[in-house]
Amino acid sequence: MTKVFINGEFLDEKDAKVSYEDRGYVFGDGIYEYIRVYEGKLFTVKEHFERFLRSADEIGLDLGYTVDELIDLVRQLLHQNNVKNGGIYIQATRGVAPRNHSFPIPSVKPVIMAFTKSYDRPYEDLDKGVFGVTTEDIRWLRCDIKSLNLLGNVLAKEYAVKYNATEAIQHRGETVTEGASSNVYAIKDGVIYTHPINNYILNGITRRVIKWVTDDYNIPFIEETFTVDFLKNADEVIISSTSAEVMPIIKLDGENINKGKVGPITRQLQEGFKKYIESHSI
């Protein structure tokens, strides 16, 4: 029986319920993280929970947990579900209170929920690459917060599915921001370009690992904005996320990138990423 964590308890899946007045349900008033598990170990879990607590702070939510306590929590969840390879989803909402837009007075206890699932690395897609489409970025202006408010992302992802693509690469005007559930990179003349860290994108954990890899391999990593046209004329295009890892985009809006083949810089990044899986999993 699958175990789910809710408010300090590990419950059977059938017993895992939350209130209809939970502010995460009625307002999307909460945050989340997703952590990858490789061979029973948590990958870059410290970085994930540091970001989790930052997101909580940005929306004025006191979770009452430290990074180490959160790591212990998900490690218990992992053990109870005997997951070897997969992921852990954890979210926190502002809690249960009568529906009113402003914060509850007096404050209520946050609701913390976590579950885990098993799956393997996306080996075939990593090897062969996937398709992408571009679409206007219609999300709010605090994308640096890993918020439960994901309707803009959902609509973008559904647009990608409509055109048989894996990811929707978003842009504000002509400036590329990020994917519906990923960071985006254009590789040109041996240089990697990606949007700078600000409120328009999420500071991805896998993005940070890629930056570590570029330092190891002496690959120039430039954090500056670029246009949709620049992206479409890049030598290589990749997206990155906790689930997708370092994923090549070989076709964008129906046009081939690098003649529809995975490029050499992408292969280096994938090789380096694999090394970090081994060294940064605990």
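Buried means under 20% relative accessible area, exposed means over 50%, and partly exposed is what falls in between. The close-up views below are of a predicted model.

**View 1. Leu 53 in helix α2.**
Leu 53 is part of helix α2. Its relative accessible area is 24%, so Leu 53 counts as partly exposed. Apart from residues up to four places away in sequence, Leu 53 touches Leu 63, Tyr 65, Thr 66, Val 67 and Leu 70. Tyr 32 lies 21 residues from Leu 53 along the chain, and the C-alpha atoms of the two are separated by 9.8 Å.

**View 2. The two domains.**
The domain assignment of the protein gives domain 1, residues 1-119, and domain 2, residues 122-278. A distance of 26 Å separates the C-alpha centres of domain 1 and domain 2. Domain 1 brings 24 residues to the contact, and domain 2 brings 21 residues.

**View 3. The largest pocket.**
The volume of the largest pocket is about 990 Å³. Its lining has 42 residues, and those closest to the centre are Tyr 32, Lys 146, Ala 180, Ser 181 and Ser 182. Two or more lining residues come from each of β3 (30-38), α2 (45-58), β6 (111-118), α5 (151-162), β9 (175-179), α6 (205-217) and β13 (236-241). By type, the lining of the largest pocket divides into 18 nonpolar, 15 polar and nine charged residues.

**View 4. The largest nonpolar core.**
In soluble globular proteins, nonpolar side chains tend to be buried together. The largest nonpolar core of this model has 26 residues, and the members that touch the most others are Leu 42, Phe 49, Phe 52 and Ile 90. At least two residues of this core come from each of β3, α2, α3 (67-81), β5 (86-93) and β6. Helix α3 supplies the largest share, seven residues. Another core lies apart from this one; it has 19 residues, including Val 176, Val 228, Val 237 and Leu 252.

**View 5. The surroundings of Ile 90.**
Ile 90 is one of the residues that touch the most other members of the largest nonpolar core. Which residues is Ile 90 in contact with, leaving aside its neighbours within four places in sequence? They are Ile 31, Tyr 32, Glu 33, Phe 49, Phe 52, Leu 70, Leu 73, Val 74, Ile 112, Met 113 and Ala 114. Of these contacts, Phe 49 and Phe 52 are also among the core members that touch the most others.

Most residues other than glycine have a negative phi, and most peptide bonds are trans. The bond that joins Ile 105 and Pro 106 is cis, with omega of about -5 degrees. Pro 106 belongs to the loop between β5 and β6. Asn 82 is not a glycine, yet its phi is positive, at about 55 degrees. Asn 82 sits in the loop between α3 and β5. With a relative accessible area of 69%, Asn 82 is exposed. Asp 189 also has a positive phi, near 55 degrees, and is a residue other than glycine. The loop that holds Asp 189 runs between β10 (183-188) and β11 (191-194). Asp 189 has 66% relative accessibility and therefore counts as exposed.

**View 6. Thr 225 in a loop.**
Thr 225 is placed in the loop between β12 (221-223) and α7 (228-232). Is Thr 225 partly exposed or buried? Thr 225 is partly exposed, because its relative accessible area of 44% falls between the limits of 20% and 50%. Beyond its neighbours within four places in sequence, Thr 225 is in contact with Thr 175, His 195 and Pro 196. Thr 225 and Tyr 193 are 32 residues apart along the chain, and their C-alpha atoms are separated by 7.8 Å.

**View 7. Asp 72 in helix α3.**
Asp 72 is located in helix α3. Its relative accessibility is 42%, so Asp 72 counts as partly exposed. Asp 57 is 15 residues from Asp 72 in sequence, and the C-alpha to C-alpha distance between the two is 21 Å.

How values were computed: Residues are numbered from 1 along each chain as its sequence is written. This is a predicted model: local features need pLDDT of at least 70, side-chain atom pairs count only at pLDDT 80 or more; totals for chains, interfaces and linings use all residues. Side-chain values use heavy atoms; hydrogens and water are left out. On a 1 Å grid over the protein atoms alone, a cavity is a set of points where a 1.4 Å probe fits but cannot get out, and a pocket is an open set with protein on both sides within 12 Å along at least five of seven lines; lining residues have an atom within 4 Å of a point. Grid points are joined across faces, edges and corners, and a volume is the space filled by probe spheres set on the points. Helices (H or I, at least four residues) and strands (E, at least two) are DSSP runs, numbered from the N terminus. Ala, Val, Leu, Ile, Met, Phe, Trp, Tyr, Cys and Pro count as nonpolar, Asp, Glu, Lys and Arg as charged, and the others, Gly among them, as polar. A nonpolar core is a set of buried Ala, Val, Leu, Ile, Met, Phe, Trp, Tyr and Cys residues joined through side-chain atoms within 4.5 Å. Buried means under 20% relative accessible area, exposed over 50%, partly exposed in between (1.4 Å probe, protein chains only). Contact means heavy atoms within 4.5 Å. Domain bounds come from an automatic or database domain assignment.
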